[in-house]
Amino acid sequence: MIEIKNLYKSFGGDEVLKDICLTVKKGQVLGIIGPSGSGKSTLLRCINNLELPTKGTIHINGKLAYQDESGKVFSETEISITRTKVGMVFQHFNLFPHMTVLENVYAGPKFVLGQDEKEYRSEALAILESVGLAEKRDQYPEQLSGGQQQRVGIARALAMKPDVILFDEVTSALDPELVGEVLGVLRKLAEAGMTMLIVTHEMGFVRQVADRVIFMDEGRIVEENNPAEFFDNPQNERTKSFLSSVLSHTD
């Protein structure tokens with residue numbers, strides 16, 4: 001599904017990603033953890049073309065995306081086609097405040113995919129039903145709780161029928177009692193076979209839902225393993241230190 005080779009990203013003189021190599025198969029759930037500033041969000045933004053890699057390649061569904069080996073950037077049309085296959089849900093909702101919940105969800109299918117009204121409305125309603133928000137379809141974002149807004153954000157990503165969804169710390173801006181309802185939606189997506197890359201600090205969730213876990217630090221992938229081995233038997237000293245600090249704090 002996704003293949004990343006020798007990916008680098010710099011902002012001025014600050015090298016944020018350093019030689020990232022990563023493969024994600026169809027239907028896999030990849031948990032991405034690490035301290036703040038380790039490059040986790042930048043990695044997702046490069047995959048979704050919100051940031052252009054400084055060096056390296058990203059393949060999606062076997063097709064070279066955004067940049068070829070010589071550094072040539074594809075046209076906006078080619079980039080747009082690729083981006084429709086990659087959904088992204090952000091930490092801060094980013095809903096359109098002047099649109100209803102239903103309008104937020106079908107905005108992409110209507111304006112980007114060009115679906116007819118009957119199709120995009122019926123599909124949007126079905127997706128809202130799946131995330132438990134059908135009864136909120138005519139409300140505006142400001143009338144919803146943070147957890148409900150985030151579920152609308154997930155529904156909006158799903159409406160584009162992506163092959164993979166990237167989740168960037170989608171629970172970190174929520175009150176603790178609202179985190180569970182959002183993680184519940186992610187758990188259902190995982191069970192349904194959606195390919196997902198999830199940047200999160202929710203270690204228990206990663207352990208339960210992810211197929212693989214990577215730990216990033218200072219722009220590099222330091223360790224990668226299945227959840228059981230990763231949490232019970234970390235190999236790298238930096239991973240051990242991070243998990244010890246985070247898990248003891250959680251307790």
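**Close-up views of T200 and its chain**

**View 1. The side chain of T200 and the backbone of E202.** A polar atom of the T200 side chain lies 3.0 Å from the backbone nitrogen of E202, in a model that is predicted, where local features need pLDDT of at least 70, side-chain atom pairs count only at pLDDT 80 or more, and totals for chains, interfaces and linings use all residues. Residues are numbered from 1 along each chain as its sequence is written, and side-chain values use heavy atoms, with hydrogens and water left out.

**View 2. The setting of T200.** T200 sits in the loop that runs between β8 (195–199) and α7 (203–209), where helices are DSSP runs of H or I with at least four residues and strands are runs of E with at least two, both numbered from the N terminus. T200 counts as buried because its relative accessibility is 5%, buried being under 20% relative accessible area with a 1.4 Å probe and protein chains only. When neighbours within four places in sequence are left aside, T200 is in contact (heavy atoms within 4.5 Å) with I32, I33, T171 and V206.

View 3. The secondary structure of the protein chain comprises nine helices and ten strands. Its radius of gyration, taken over C-alpha atoms, is 18 Å, close to the 18 Å that the globule rule (2.2 Å times the number of residues to the power 0.38) gives for 251 residues, so the chain is as compact as a globular protein of that length. Of these 251 residues, 53% count as buried.

Methods:
Buried means under 20% relative accessible area, exposed over 50%, partly exposed in between (1.4 Å probe, protein chains only). A polar contact is a pair of N or O atoms within 3.5 Å; within protein, one must be able to donate a hydrogen and the other to accept it, and residues adjacent in sequence count only if both atoms are side-chain atoms.
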